[in-house]
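This report covers the ligand site, the nonpolar cores and the salt bridges of one structure. The sequence and the coordinates come first, and the text follows.

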Amino acid sequence: MQLSDGVKSSIGPAFQPRVRYDEPMSAHTSWHAGGPADIYFSPRDRADLASFLRTVPADTPILWLGLGSNLLVRDGGLRGVVIATQGAFERLERVSETSVYAEAGVACGRLARQCIKWGLGPAEFFAGIPGTVGGALAMNAGAFGGETWTHVLEVETLDRRGRQHTRPAAEYVATYRHVSAPAADEWFIAARLSFEHSPEANPAEVKALLARRKASQPIGEWSCGSVFVNPPGDHAARLIEAAGLKGARIGDASVSMKHANFIINHGTACAADLEGLIHYVQEAVERSHGVRLTTEVRIVGEVA
Ligand SMILES: Cc1cc2nc3c(=O)[nH]c(=O)nc-3n(C[C@H](O)[C@H](O)[C@H](O)COP(=O)(O)OP(=O)(O)OC[C@H]3O[C@@H](n4cnc5c(N)ncnc54)[C@H](O)[C@@H]3O)c2cc1C
C-alpha cells in the first residue's frame with residue numbers, strides 16, 4: 001500500500017470536488033516537467049483549507065504550491081498532498097498609509113502594479129517575478145536590489161493541524177533566497193508588507209524593468225528563472241559561461257544561450273533531463289573554477 005492510499009481514503013466527500021488525484025505537476029510548473037502528485041487540493045478559502053489539513057495524517061508529506069516558477073518536480077512525482085494557493089488566497093488591500101495586506105496566492109506582478117496605483121514603493125521589482133506572494137515569502141524572492149523580506153511586517157501562517165498563527169517578521173531569518181522559519185510545518189497564507197510613499201512610481205518604470213529583463217533573459221521560454229544562487233562575490237551565470245557551458249544540452253533541456261544561469265525546456269525535456277543538466281553544470285563549474293554551485297530552484301519528488 002502506498003503512503004498516500006490512507007490519505008486518499010481519509011478525504012471526506014465535502015472536499016472531493018476540490019481534490020484531484022495523480023495530478024501531473026508538469027501542468028503546474030514553469031518548466032512544464034514533473035510527475036504526478038498523489039493528491040492535489042485547491043482550497044476554497046482558509047477555513048476550507050484548515051478543515052482539510054485536519055484530515056491529513058501527521059506523517060503525510062505536504063507541499064504548498066504557488067505558480068511553480070521555482071520548482072523542479074521529479075518524474076516519479078510527489079507522494080502526499082499538494083496545496084494550491086492560487087485562486088483561493090487572492091486578497092490584496094491597502095491597510096494603512098504605507099502598509100499592504102497580501103494573501104499568499106496574489107501574483108507578484110499584481111502586487112507591483114497595485115502598489116504603483118497606490119503610490120507606494122519600491123515594489124516595482126516584484127513585477128518581473130512570475131510567482132505568488134507565498135512563493136516570494138518562502139524564497140525571499142528579489143530582483144534589481146529589492147527583496148521580499150525587506151518589506152515584511154508580519155505574516156499569517158497555517159500549520160498542519162489547520163491552526164492559524166500571526167508572526168512578526170523578527171521571528172524569521174531571511175537571507176539571499178533563503179528564509180529560516182521559527183517552526184516547521186507552517187506555511188504562509190498572507191503577509192502585511194510595508195512600503196514608502198512613492199508618488200513618482202509609475203507604470204513606465206515597470207515597463208523599463210521588464211524590458212531590461214527581456215534584453216538579458218530568455219523570457220517566454222520554459223524555465224525556472226535562475227537555476228543556481230550566486231556564490232559570494234560572483235555570479236553563477238559568469239562561472240557557467242566561462243566554463244563553456246552555454247548551449248550544453250541533455251535531451252530537450254539546454255543551458256540558455258542568452259543567460260547562462262537559465263536552463264530551458266524546449267518542449268519535451270523531462271525532469272530527469274533538467275536535473276541531469278543541473279548536475280552536469282555543477283560538476284563542470286567545480287572542475288573549472290573550484291566552486292560548487294548550489295541550486296536556487298527547489299527540487300522535490302521521486303525519480304521515476
Ligand atoms: C522567468 C523567471 C524569472 C524569475 N526571476 C526571478 C527573480 O528575478 N527573482 C527571484 O527571486 N526569483 C525569480 N524567479 C523564480 C521564482 O519566480 C521565485 O522564486 C518565486 O518567488 C516563486 O514563487 P512561486 O509562487 O512560483 O513558488 P513555487 O515555485 O510554487 O514554490 C517555490 C517554493 O516556495 C514554497 N511555497 C510556495 N508557496 C508557499 C506558501 N504559501 N507558503 C510556504 N511555502 C510556499 C514551495 O513549497 C516551494 O518550496 C524567476 C522565475 C522565472 C520562471
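In this predicted model, the ligand is surrounded by 32 residues, of which Trp 64, Ser 69, Thr 132, Gly 142 and Arg 213 are the closest. Polar backbone atoms of Gly 68 and Gly 135 face oxygen atoms of the ligand, at 2.9 Å for Gly 68 and 3.5 Å for Gly 135. Gly 142 also takes part through its backbone, with an N or O atom 2.6 Å from a ligand nitrogen. On its own the ligand has 980 Å² of accessible area, and the protein covers 93% of that area. Two or more residues of the shell come from each of β3 (62-65), α4, β9 (142-143) and β15. Among these elements, α4 gives the most to the shell, with 5 residues.

**Nonpolar cores**

The largest nonpolar core has 32 residues, and the members that touch the most others in it are Leu 111, Phe 126, Leu 137, Trp 149, Val 155 and Phe 195. Elements contributing two or more residues to this core are β7 (99-103), α3 (108-118), α4 (133-139), β11 and β15. The largest share comes from α3, which supplies 5 residues.

Another core lies apart from the largest one; it has 26 residues, including Trp 31, Ile 263, Ala 271 and Leu 293.

**Salt bridges**

The model has 20 salt bridges.

| Pair | N to O distance |
|---|---|
| Arg 91 and Glu 93 | 2.9 Å |
| Asp 185 and Arg 160 | 3.7 Å |
| Asp 234 and Arg 238 | 2.8 Å |

The pair of Asp 185 and Arg 160 forms a salt bridge that links distant parts of the chain, 25 residues apart. Asp 185 sits in the loop between β14 (178-180) and β15 (186-194), while Arg 160 sits in the loop between β11 (152-159) and β12 (164-168).

Is Arg 160 buried or exposed? Arg 160 has a relative accessible area of 16%, so it counts as buried, the cut-off being under 20%.

In the bridge between Arg 91 and Glu 93, Arg 91 is partly exposed because its relative accessible area is 39%, a value between the limits of 20% and 50%. Glu 93, at 32%, is partly exposed as well. Asp 234 and Arg 238 also meet in a salt bridge. Asp 234 has 22% relative accessibility and counts as partly exposed; Arg 238, with 45%, is likewise partly exposed.

Salt bridges also join residues into a network, as with Arg 18, Arg 44 and Asp 48.

Notes. Residues are numbered from 1 along each chain as its sequence is written. This is a predicted model: local features need pLDDT of at least 70, side-chain atom pairs count only at pLDDT 80 or more; totals for chains, interfaces and linings use all residues. Side-chain values use heavy atoms; hydrogens and water are left out. A salt bridge is a side-chain nitrogen of Lys or Arg within 4 Å of a carboxyl oxygen of Asp or Glu. Buried means under 20% relative accessible area, exposed over 50%, partly exposed in between (1.4 Å probe, protein chains only). Helices (H or I, at least four residues) and strands (E, at least two) are DSSP runs, numbered from the N terminus. A nonpolar core is a set of buried Ala, Val, Leu, Ile, Met, Phe, Trp, Tyr and Cys residues joined through side-chain atoms within 4.5 Å. A residue is near a molecule or strand if one of its heavy atoms lies within 4 Å of it. A polar contact is a pair of N or O atoms within 3.5 Å; within protein, one must be able to donate a hydrogen and the other to accept it, and residues adjacent in sequence count only if both atoms are side-chain atoms. Accessible areas come from the Shrake-Rupley method with a 1.4 Å probe; for residues, only the protein chains shown count as cover.
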